[in-house]
Amino acid sequence: MGIMRACSVCRLFHVLVLVCALYQILYVGSVAAQTAQLSVDASPQNAQVIPGNMFGIFFEEINHAGAGGLWAELVSNRGFEAGGSNTPSNIDPWLIIGDESNIIVATDRSSCFASNPIALQMEVLCEASGTNACPSGGVGIYNPGYWGMNIERTKVYRATMYIRSSESVELTVSLTSSDGLQNLASHTITGDKEDFVEWTKVEFDLASSGRNTNARLQLTTTKSGIIWFDQVSLMPSDTYMGHGFRKDLASMLANLKPRFLKFPGGNYVMGNYLVNAFRWSETVGPWEERPGHFNDAWAYWTDDGLGFFEFLQLSEDLGACPLWVVNDGASLNEEVPSATIAAFVKDVVNGIEFARGDPQTAWGSVRAAMGHPEPFPLFYVSIGNQECSKHYYKDNYVKFYSAIKASYPDIKVISSCDTSAISPVSPADLYDVHVYTSSGDMFSKSRMFETTARNGPKAVVSEYAVTGNDAGRGTLIAALAEAAFLIGLERNSDVVEMASCAPLFVNDNDRRWSPDAIVFNSWQHYGCPNYWMLHFFKDSSGAALHPSTIQLSNYDQLVTSAITWNSSQDGNTYLKIKVVNFGSKAVNLNISVTGLQTDIQTFGSIKTVLTSGWLRDENSFQQPDKVVPAASPITNAGEQMGVVLDSYSLTSFDLLLGSSQGMHSAWSLYSSV
């Protein structure tokens with residue numbers, strides 16, 4: 001019986017393999033193509049303007065997206081605060097060089113910074129020579145960064161640290177390989193007894209002579225005695241716009257041309273408990289004085305080098321409007337009642353003053369002291385993070401709304417409640433929507449807003465993502481479903497104001513959530529299919545949306561939109577037609593365009609396709625370009641044209657209107673793709 005059962009299992013296995021192989025053949029080759037008719041009315045009188053801030057990005061400190069990612073600080077736990085305020089504490093990921101016979105390290109509360117009092121005491125027991133000589137190279141401590149520091153040849157890194165000692169100091173600061181054997185750069189700090197008797201800030205540059213993607217920072221000495229360290233930082237000198245952001249990752253964001261940046265979360269805003277919530281006022285001012293906090297929503301420490309000011313600065317650098325999600329007195333497990341919410345309300349108004357206030361105001365002066373006397377254009381504030389169901393939310397919300405509008409009437413306030421809870425006594429300019437679902441359901445949600453009332457507050461779809469088994473770590477099918485959803489938002493942009501995906505980043509060493517748009521480690525990065533899908537929408541904000549209808553019997557897997565947009569890059573105007581084919585059939589598509597004021601140019605039009613050989617294809621460090629858009633010229637561009645839509649694909653047709661500057665201009669639009 002056992003043998004017969006095994007054989008039965010084998011037969012079942014072979015049947016399943018045959019079925020999967022047959023499905024693969026059907027998918028790759030597709031079944032016989034059908035013919036569909038797409039009609040586009042491109043007349044100006046029938047167009048509607050898509051909101052100017054329609055498509056943006058949402059950053060949350062999740063997956064080490066900021067700490068060890070977008071924020072370019074290379075030292076993890078730079079202030080030794082991550083182990084908590086009790087001493088001695090865990091100094092992870094710092095480790096010692098040497099052993100307990102020649103070095104002892106412990107935290108104490110001797111820091112010169114009242115807001116982050118923990119410092120590291122290093123007691124060296126060995127000498128430079130003699131019977132108690134230190135090991136070759138000395139003893140000390142090292143920091144591996146966030147799963148290794150990426151140190152590049154000839155690049156310069158700015159080291160900063162605070163030192164105190166009652167004796168003279170002879171300290172070597174080095175960048176080395178993870179085993180300490182390859183020396184990339186070194187600097188020696190020396191000083192007499194009186195030089196470091198008080199806490200002293202030391203800054204210097206380290207220029208690397210080599211390349212190592214898994215390097216570390218180490219502090220070593222061969223001199224016995226006790227030395228204290230605090231706020232040990234290492235930053236690349238070359239950052240995005242010179243503002244401390246990792247250049248390659250920030251450039252990935254800039255290439256999306258986001259019209260808004262929502263920050264800083266998400267659950268990160270709330271915390272599991274309020275003691276660990278994001279408090280904006282503790283993340284501004286000199287970085288050394290920021291206390292940092294435990295990100296209990298995603299279970300890791302953040303030193304808040306990436307704080308409220310930096311989020312505003314990033315918005316400015318990207319040319320995006322900041323959208324601030326505020327803590328409204330609620331965590332995942334707690335809630336402040338309305339009777340005592342006033343302090344939280346005042347805190348939010350103060351935060352707006354920090355962003356927008358005159359340099360002579362209390363909080364505006366703090367911003368100015370940080371090097372930005374001009375106000376930031378903060379015009380969107382979201383009250384909480386999808387907390388409408390909490391007991392006190394609705395009453396507390398009204399207090400936030402009233403206080404914000406009293407001081408800043410031009411700010412658009414976003415409610416966590418939908419239109420059913422919005423009224424004259426509980427008003428809102430916009431309301432927040434989060435959509436997390438399977439790919440099939442996400443595709444069907446392309447019609448989600450078709451039955452929405454055309455008056456009242458508009459929606460901000462600030463978090464959306466395909467989740468579940470077919471999402472993987474970022475699959476083609478998930479990207480196509482999200483593309484169909486976004487096309488639905490375009491078509492209903494009279495009731496939808498803004499949209500952004502979630503999450504944006506993941507450090508491949510610390511996946512707390514999948515999928516994500518951009519994957520990175522210390523030195524590499526790649527965009528998932530849904531990141532590349534967003535490129536198809538980066539010209540939609542502020543564009544003219546035209547009515548379009550598609551006809552195809554017995555096949556409801558097509559979703560389409562049409563816009564005209566003006567390229568700031570080449571000065572030309574394009575009619576962009578986007579089509580998602582979410583089914584297994586290739587489609588012959590006959591496109592008919594009417595109402596144009598100028599001709600479609602025969603040359604200079606581009607077709608771009610996002611597809612792959614299998615529904616669950618993903619990109620990776622090994623194959624970063626497995627699923628990326630492919631662009632080609634359209635040789636039959638015109639008001640009447642026949643094209644082919646691949647099965648399981650997203651296709652855009654950018655049809656050049658009016659006078660052409662040649663093929664080079666059109667191709668240059670897709671150089672980043």
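1. The lining of the largest pocket draws on several named elements: strand β9 (156-165), strand β14 (225-236) and helix α4 (308-318) each supply at least two of its residues. The model is a predicted one, and in it this pocket has a volume of about 540 Å³. Its lining is made up of 26 residues, of which Trp71, Met235, His243, Trp287 and Glu310 are the closest to the pocket centre. Sorted by class, the lining holds 8 nonpolar, 12 polar and 6 charged residues.

2. The second largest pocket has a volume of about 440 Å³. Among the 22 residues that line it, those closest to the centre are Asn150, Glu152, Pro236, Arg246 and Ser522. Strand β9 and helix α2 (247-254) are the elements that give two or more residues to this lining, and β9 also supplies at least two residues to the lining of the largest pocket. By class, the lining of the second largest pocket has 8 nonpolar, 6 polar and 8 charged residues.

3. The open sheet deserves a look in the viewer, where 8 strands follow the order β3-β15-β18-β19-β20-β21-β22-β23 with parallel pairing. The edges of this sheet are β3 (57-58) and β23 (496-499), each of which pairs on one side only. Within the sheet, β20 (residues 412-415) and β21 (residues 430-437) run parallel and are joined by 2 bridges; Ser415 has Tyr431 of β21 as its bridge partner.

4. Arg356 belongs to helix α5, which covers residues 342-356, and the residue counts as buried because its relative accessibility is 19%, where the cut-off for buried is under 20%. Two polar contacts of its side chain can be listed: a polar atom of that side chain lies 3.1 Å from the backbone oxygen of Leu378, and a contact of 3.0 Å joins the side chain of Arg356 to that of Asp410. Leaving aside neighbours within four places in sequence, Arg356 is in contact with Arg367, Pro375, Phe376, Leu378, Phe379, Tyr408, Asp410 and Ile411, a list that includes both polar partners, Leu378 and Asp410.

5. Thr283 and Asn272 may be read together, as both are placed in the loop between α3 and β16, Thr283 as well as Asn272. Thr283 is buried, because its relative accessible area is 1%, and a polar atom of its side chain lies 2.9 Å from the backbone nitrogen of Phe308. Not counting residues up to four places away in sequence, Thr283 touches Phe278, Arg290, Asp304, Gly307, Phe308 and Glu310; Glu310, one of these, is also listed among the residues closest to the centre of the largest pocket.

6. For Asn272, whose loop runs between α3 (267-270) and β16 (293-295), the side chain reaches the backbone oxygen of Asp296 at 2.8 Å. Beyond residues up to four places away in sequence, Asn272 touches Asp296, Ala297, Ser331, Leu332 and Asn333.

7. The bond from Asp92 to Pro93 is cis, with omega near 5°, and Pro93 sits in the loop between β3 and β4 (95-97). The bond from Gly265 to Gly266 is likewise cis, with omega near 10°, and Gly266 is found in the loop between β15 (260-263) and α3.

8. Positive phi values in residues other than glycine also call for a look at the backbone. Asn77 has phi near 60° and lies in the loop between β3 and β4, the loop that also holds Pro93; Asn77 counts as buried because its relative accessible area is 4%. Met241 has phi near 55°, and its place is in the loop between β14 and α2.

Technical notes: Residues numbered from 1 in each chain as written. Predicted model: local features only at pLDDT ≥ 70, side-chain atom pairs only at ≥ 80, totals over all residues. Heavy atoms only, no water. 1 Å grid on protein atoms, 1.4 Å probe; cavity = no way out; pocket = protein on both sides within 12 Å on 5 of 7 lines; lining within 4 Å. Points joined across faces, edges and corners; volume = space filled by probe spheres on them. Helix = DSSP H or I, 4+ residues; strand = E, 2+ residues; numbered from the N terminus. Nonpolar A, V, L, I, M, F, W, Y, C, P; charged D, E, K, R; others polar. Buried < 20%, exposed > 50% of the residue type's maximum accessible area, 1.4 Å probe, protein only. Polar contact = N/O pair within 3.5 Å; in protein donor to acceptor, adjacent residues only side chain to side chain. Contact = heavy atoms within 4.5 Å. Pairing = 2+ DSSP bridges.
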